[in-house]
Structure formats: structure tokens, C-alpha cells
Amino acid sequence: MKIKGITSGVFIVLSVIVLLLTGCRNSESNKTSPETSIESDIITTEDNASEDVFISNRKEDADYSKYFQNYEGTAVFYSVEEQIYRIYNKELAELPSSPCSTFKIISGLMGLESGVIDTSNSIRQWNGTYYPMAAWNKDLDFKQAFQDTCIWYFREVIDLMGEEYVQGILDELNYGNRDISEWEGSLDNLIFPHMADLKELNGFWHESSLKISPVHKVDVLRRIFEERDVFNYNNLNTMKDAMYIENNDSSIIIYGKTGSGITDDNWVNAWFAGMFEYNGDITYFTVRLNQPDARGADARDVAVNIINGEFGN
């Protein structure tokens, strides 16, 4: 009886040890590396210095150099049908910077979703300040403000939504570094130096705390318009209508938004981001020029030339 009791006790002790070891192994296998955090399909480094947000393992190096001419820059295209990325200048494609006015795609959708922008009457009153952009010196509705890239209009929209709402949407989208800590911006607006301290011409998205890379911007656009789990269908269509770009090739329908910023008295971060439809396929894209004196309109021209030259007939 004594031997049997000892044997039973040993068996129980061994069983407990085995269960503990197994549990430890399973716990370790479920842990995420401390250097990275994983949210849905997106992998973002802890400090957001670089980003790996590819949802597909299919990536191709593309040579679009002839379209860039003398500009230094990058281009990222993601085809929904092919599930493939085509990337020109990968190092720059993964380098975060201020989204500038391309952020109006996000702030516009947030405004529509929250009800701050009412599509039946989206007019906001001009405050009487004479801005350098003549198109801003009047009452504007949502579409006019978006297409004329009116900063004061979207500054009002963002303030009415508030920091908590904006932060929540950026977190849900995993938008770049999601940093809106400089809510009012740097208040050092070099685009209009004599109006540098005007709150309505500054914000966290203008060469301030918020940063995003071109490849990450493509993934955010794909998430918004493909998964449709953040903004409703009607609001997405309203935004697409505002983003529509005239194109000489009528077989390719392009939607996008330009953006430009200034640092150290030089125009930098010239963006054009959006999507295009061709032969039933939707392709999301971002072009960013890092060349001094480049503007958003220059990035748009480069992007449209690539789209028509590489993806059209």
C-alpha cells in the first residue's frame, strides 16, 4: 500500500509538471514580439519610424523613373484584383511624413459620419478674413472646400468633432502614427508666413505631429473603401464625388486629393493619393514628391501620367 501511494503521488506530481510546462510553451507561442504590435492585417513598429503594412506578400519593384523626371519621390500602387503592390523607390515609400491636405479625405469622411457635415446643407460661413487663396474668401460648401483645399473649413469641422472622436477614428484606421498631440498644429504656418499664427490655417496634419508613409496611406485607403467597416456607403460615395479628377483617358476614372507642406521655407511632401477604376479593377495609389519646391499639383501630374501610361490601353 505504501509503494502504491508513493507511485500515485509521483504520477500526480509529474502530471502537474507536464501541464505547467505545456501551458508555458503555449503562452510563449501566443506572445507577440516586443518590437511589433499586430492589429488585424497591419504590422506597425513600436516607434513608427518605419512601417510594414503590406496585406499581401506579392510586391514588385516598379520603375516609374521616366515619369518623375527631375523629381525625387515614390509611388505605391495596390491592385485589388491582382492583390499585388507595385512600388517605386521602396525606401521613400516606407518613410512617414505629414499627410498635409490629403488628410481632408479622412477629416471629410469623419465630418460626414459624425453629422458635423450635413450633405443637405454643408455651407460654412466665411469669417471675413482675407486669405491669400481667393477661393477661400467666401462661404463654402463641403465639395467646394474639399476641391479648393480650404484649410479653415476643415479646421472648423475637426474642432466641432473634437479630439476624442478624431483619435478614435484614427486608432480604428491605424492611420500612421495616430499622433494628434499638436491639435492646433505648430502655429508656425510657413505656407502663409504673414498668417502663421492663425489657428484656422494650422493643424496636427500640416507639418506637425501626425505622420504617415505612402505605403501605409495606400492601405488606409483600401481599408476605407474596400472593407467599408468604418464609414457608411453613402458617405463614401459623397467623398468619391468630391475626389473625382478629370482625365483625358475616359476609360480610367481617377479619384484623389493633393497635399503640400512647407518646412524650412521649402515646399516639401507634395502628395497625390486616391484610387482609380479601370476594366473592373480598383487600384489604390499614393505618389509623394520629396523634391524642394514640388507642389501637390506636381504629384498629381506624375500620378496621372503613371496611371495613363502604365495601366491604361
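User: How many helices and strands does the secondary structure of the chain come to?

Analyst: Helices (H or I, at least four residues) and strands (E, at least two) are DSSP runs, numbered from the N terminus. Here the chain has ten helices and ten strands. Keep in mind that this is a predicted model, where local features need pLDDT of at least 70 and side-chain atom pairs count only at pLDDT 80 or more, while totals for chains, interfaces and linings use all residues. Residues are numbered from 1 along each chain as its sequence is written, and side-chain values use heavy atoms, with hydrogens and water left out.

User: What is the mean pLDDT of the chain, and over which residues does pLDDT stay under 50?

Analyst: pLDDT is the predictor's confidence in each residue, from 0 to 100. Where it is low, the predicted coordinates should not be read in detail. In this chain the mean is 84, with 79% of residues at 70 or more. Residues 1-50 are the ones to treat that way: pLDDT stays under 50 there. The model has 32 contacts beyond four places in sequence for that stretch, a contact being heavy atoms within 4.5 Å.

User: How do I read the packing of α4 and α7?

Analyst: Two packed helices are described by the angle between their axes and the distance between the axes. Axes are lines fitted to C-alpha atoms, for helices over the stretch in contact, and angles run from 0 to 180 degrees between N-to-C directions. Helix α4 (residues 104-114) packs on helix α7 (residues 163-173) at about 115°, with the axes 11 Å apart. From α4 come I106, M110, E113 and S114; from α7 come Y165, V166, I169, L170 and L173.

User: Which residues have a positive phi without being glycine?

Analyst: Take E207 and R228. E207 has a phi near 45° and sits in the loop between α7 and α8 (214-227). R228 has a phi of about 50° and belongs to the loop between α8 and α9 (233-243).
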